Amino acid sequence: MGVHIVDHPLIQHKLTLIRDEKTGTKDFREMLEEIATLMAYEITRNLPLEDFKVKTPVAECTGKILVGRKVGVVPILRAGLGMLGGVLNLIPNAKVGHIGLYRDPETLKPVEYYCKLPADATEREFILVDPMLATGYSSVAAVDILKRKGAKNIKLMCLVAAPEGVAVMQERHPDVDIYTAAVDDYLDDHGYIVPGLGDAGDRIFGTK
Ligand code: URA
């Protein structure tokens, strides 16, 4: 268990472009989705395979197919939605849950306002999705919720993490692997990751 920095050149290239304050909503959204697809490739690297006999037009052979694992993808609203499509590009049969949390501007603590998860949470491997691992409080709260529903296997996919958020997650949920494209420098007094990319939700949805 630990922190996996996904340093594939395509991901690092796109991350730099979307950090740029001049990148507009359309390009931001498209690149975030592309990065999510590339990260999903990495996060699913250890999905188990089993032998499978197949007859090609030429001969019979034994190939590999995925063991019928059930995957659940859970974006934390709202910024997590920006990575959902990218993950589903690679895992189209995954069930999708949603967890809605907002940050209290005073305490920076998460407040739950929505939760809808697949009923068979105990049997699923979950990929929790939130582009910004800042204080870590939202991710911790979302993992708390998933575990209360019986989830036993959870991975966290983010784009940019702050060292503070990584530390909080590792302390509270050491069993949850974190996949991120970058661990940035620090959190500022408003809870923004520095240098980060600003407010991910605003940049995805064009709000401000
Ligand atoms: N959420 C964001 O969208 N950006 C940050 O920098 C921190 C939290």
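Begin by selecting Leu159, which touches Leu15, Ile18, Leu32, Ile35, Met83, Asp130, Pro131, Thr180, Ala181, Ala182 and Leu197, residues up to four places away in sequence not being counted; contact here means heavy atoms within 4.5 Å. The model is predicted, with local features requiring pLDDT of at least 70 and side-chain atom pairs pLDDT 80 or more, whereas totals for chains, interfaces and linings use all residues. Residues are numbered from 1 along each chain as its sequence is written, and side-chain values use heavy atoms, leaving out hydrogens and water.

Together with Leu159, Val87 touches the most other members of the largest nonpolar core, which has 36 residues. Such a core is a set of buried Ala, Val, Leu, Ile, Met, Phe, Trp, Tyr and Cys residues joined through side-chain atoms within 4.5 Å, buried meaning under 20% relative accessible area (1.4 Å probe, protein chains only).

Now colour α1 (9-19), α2 (25-43), β4 (70-77), α3 (81-90), β8 (124-129) and α6 (200-205), each of which supplies at least two residues of this core. Helices (H or I, at least four residues) and strands (E, at least two) are DSSP runs numbered from the N terminus. The largest share, eight residues, belongs to α2.

For a second, separate core of 24 residues, select its members Val74, Ala121, Leu133 and Ala161, among others.

Finally, display α4 (residues 137-148) and α5 (residues 163-172), which pack at about 25 degrees with axes 8 Å apart; axes are lines fitted to C-alpha atoms over the stretch in contact, and angles run from 0 to 180 degrees between N-to-C directions. The contact involves Tyr137, Ser139, Val140, Val143 and Asp144 of α4 and Val168, Met169 and Arg172 of α5.

Methods:
Buried < 20%, exposed > 50% of the residue type's maximum accessible area, 1.4 Å probe, protein only.
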